[in-house]
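Biologist: I would like to go through this structure with you. Could you set out the terms before we discuss the residues?

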Amino acid sequence: MEKKLQQFLDEQFKQYGNFPSKNDVIKELHANLVEKYRDYKQQGMSEDAAYKATIESFGNVDEIMETIPHGGQVQAADEDNESSIHKTIKSTMRHAKTAMGLSKFAGVNLKDADLSGTDLQGADFSYSALGGATYDKSDLTGATFRAADLTGASFKGANLTNVKFAASSLQNVDFSGANLTGAKITACATKGSKFDEATLADIDFRHSDLSGVSLDGFSLTGINFSGSSLRKSSFKNTVLNDITFHHTDAKNTDFTGAKMDKVTYALLK
């Protein structure tokens with residue numbers, strides 16, 4: 001059955017050719033599908049029924065591709081111990097260093113830059129080196145950060161409404177007090193990031209690594225964690241409404257004291 005699921009994925013991604021990190025993406029999704037198939041089997045389904053349910057739960061491949069840069073050929077990172085998300089980020093960053101003309105902020109080096117208190121609505125920071133940059137209290141409504149390195153950046157008190165982070169490194173980023181309503185944070189690595197007192201609603205966290213992140217005491221509505229890792233994350237005393245956990249790795253996640261609606265509970269269970 002694992003071979004059959006592999007063939008299904010190969011066929012789904014065939015139309016996109018050999019885009020950067022294709023093998024890593026398919027490998028990650030294959031592992032998720034195999035785990036889902038085994039869960040259905042444990043529930044007493046036949047092989048055919050479990051396979052059909054697994055395929056139906058996969059969703060639309062076009063939505064997945066929206067979060068993954070696939071414009072050219074890039075050799076993946078060769079560190080054996082790196083996750084596929086990290087490989088995607090690193091290989092894309094190498095390719096994107098030649099990106100020009102997307103906007104005055106695209107493909108530039110702004111490491112440790114102080115852009116606090118700035119009106120940056122709709123700005124495009126794609127393919128840029130932004131590690132350690134400060135955006136505190138800036139207005140970044142509708143801004144785009146595609147394949148950007150934001151490791152250690154600060155967005156304290158910033159307006160990040162409808163911002164788009166895709167295939168970017170958001171490790172150790174400080175989002176304290178930021179407004180992230182309607183944000184899309186897809187295929188990103190967010191380990192060690194802080195969300196203290198941030199506004200979190202209607203956010204798309206698909207295929208992101210949120211391992212170890214604390215969302216204790218939040219009231220969360222309309223969040224999509226599909227395909228993401230929540231290992232060792234914490235949701236203590238958190239209120240969860242209309243939350244999606246399809247193919248989410250929630251092992252060792254702490255939901256002590258959390259309250260959730262029946263649909264969210266069913267998906268999580």
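Modeller: A residue is called buried under 20% relative accessible area, exposed over 50%, and partly exposed in between (1.4 Å probe, protein chains only). This is a predicted model, in which local features need pLDDT of at least 70, side-chain atom pairs count only at pLDDT 80 or more, and totals for chains, interfaces and linings use all residues. Residues are numbered from 1 along each chain as its sequence is written, and side-chain values use heavy atoms, with hydrogens and water left out.

Biologist: How many salt bridges are found in the whole structure?

Modeller: The search finds five salt bridges. The term means a side-chain nitrogen of Lys or Arg within 4 Å of a carboxyl oxygen of Asp or Glu. One of them joins arginine 206 to aspartate 204, at 2.8 Å from N to O.

Biologist: Are arginine 206 and aspartate 204 buried or exposed?

Modeller: Arginine 206 and aspartate 204 are both buried.

Biologist: Which residue forms a salt bridge with glutamate 2?

Modeller: Arginine 38 does, and the closest N and O atoms are 2.7 Å apart. Glutamate 2 belongs to helix α1 and arginine 38 to helix α2 (residues 22-42), so the pair ties together parts 36 residues apart in sequence. Helices (H or I, at least four residues) and strands (E, at least two) are DSSP runs, numbered from the N terminus. Glutamate 2 counts as partly exposed, at 41% relative accessibility, and arginine 38 likewise counts as partly exposed, at 46%.

Biologist: Staying with α1, which of its residues are buried?

Modeller: Leu5, Phe8, Leu9 and Phe13 are buried in α1. Seen down the helix axis, the buried residues of α1 fall within an arc of 120° (taken from the directions from the axis to the C-beta atoms), so they line one face of the helix. The face turned away from that buried side carries the exposed residues Lys3 and Glu11.

Biologist: What does the side chain of threonine 253 reach?

Modeller: That side chain reaches the backbone oxygen of leucine 230 at 2.6 Å. Leaving aside neighbours within four places in sequence, threonine 253 is in contact (heavy atoms within 4.5 Å) with Leu230, Arg231, Lys232, Ser233 and Phe235.

Biologist: And which residue pairs with arginine 231 in a salt bridge?

Modeller: Aspartate 249 does, with the closest N and O atoms 2.4 Å apart.

Note on methods
A polar contact is a pair of N or O atoms within 3.5 Å; within protein, one must be able to donate a hydrogen and the other to accept it, and residues adjacent in sequence count only if both atoms are side-chain atoms.
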